[in-house]
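Visitor: I'm new to protein structures and would like a close look at a single part of this one. Could you take me through its disulfide and then show me the surroundings it belongs to?

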Amino acid sequence: MTSTAEAALWQLEFATPDGGALRMASLRGKPVLLNFWASWCPPCVEELPLLSGFHSENSVNGWQVLGLAVDQLEPVKRFLSKAPVSFPVALAGMPGIEISKSLGNLSGGLPFTVVLGSEGQVAHRKIGKVTPADLHAWIALK
């Protein structure tokens, strides 16, 4: 059974840095590692290569990774031009904090990662920087 916050998440659409749009509904049906981050957040920036590696290794097994930037377009574009990632990034802006809070980020801090199972429900939450051990444990949650 999905919660109201989970149901609302799947209805959202976010702008992408290249001017397109990403509909959350397009990710439904496969496990999703949803990472809230910002270019001005040092631990966020430090974990992005790890998340990129996870995506590269596990996308063949159905895993999806989405970086939701709680940030503005220009800083995100600048950051990604210097440090590209293998997974899609979309712009949540400051409303991203409220979205993350609705999914269990009580402090509103960054980085915040939510693992969504293939049924669309929250399987795990983590405030703070993701570790290789976290990623290894989450693979079993899909």
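Guide: Happy to! A disulfide is a pair of cysteine sulfur atoms within 2.5 Å. Please keep in mind that this is a predicted model. Searching the whole structure turns up one disulfide. Its partners are C41 and C44, with 2.2 Å from S to S. The link of C41 and C44 is right-handed, with 75 degrees about the S-S bond. Are these two cysteines, C41 and C44, buried or exposed? Both C41 and C44 are buried. Here, buried means under 20% relative accessible area.

Now let's step back to the chain around this link. Five helices and seven strands make up its list of elements. Of the 142 residues in the chain, 47% are buried. A compact globule with 142 residues would have a radius of gyration near 14 Å, and the chain agrees because its own value is 14 Å. Along the principal axes, the C-alpha atoms fill a box of roughly 40 × 30 × 30 Å.

Next, look at the inside. In soluble globular proteins, nonpolar side chains tend to be buried together. In this model, the largest nonpolar core has 43 residues, and L34, F36 and L103 have the most contacts inside it. Several elements give two or more residues to this core, including β3 (32-37), α2 (42-58) and β4 (64-69). The largest share, five residues, comes from β3.

K126 sits in strand β7 (residues 122-127). Its side chain makes a polar contact with the side chain of D134, at 2.6 Å. Beyond its neighbours within four places in sequence, K126 is in contact with P111, F112, T113, T131, D134 and W138. The other lysine, K77, lies in helix α3 (residues 73-82). K77 counts as partly exposed because its relative accessibility is 38%. The C-alpha atoms of K77 and T16 are separated by 9.7 Å, although these residues are 61 apart along the chain.

Finally, consider the chain as a whole again. Of the contacts between residues at least 6 apart in sequence, 61% join residues at least 24 apart. The accessible surface of the chain comes to about 6,900 Å², and carbon and sulfur atoms account for 57% of that surface.

Methods. Residues numbered from 1 in each chain as written. Predicted model: local features only at pLDDT ≥ 70, side-chain atom pairs only at ≥ 80, totals over all residues. Heavy atoms only, no water. Buried < 20%, exposed > 50% of the residue type's maximum accessible area, 1.4 Å probe, protein only. Helix = DSSP H or I, 4+ residues; strand = E, 2+ residues; numbered from the N terminus. Polar contact = N/O pair within 3.5 Å; in protein donor to acceptor, adjacent residues only side chain to side chain. Contact = heavy atoms within 4.5 Å. Core = buried A, V, L, I, M, F, W, Y, C linked by side-chain atoms within 4.5 Å. Rg over C-alpha atoms; globule rule 2.2 N^0.38 Å. Areas by Shrake-Rupley, 256 points an atom, 1.4 Å probe, with all protein chains shown as cover.
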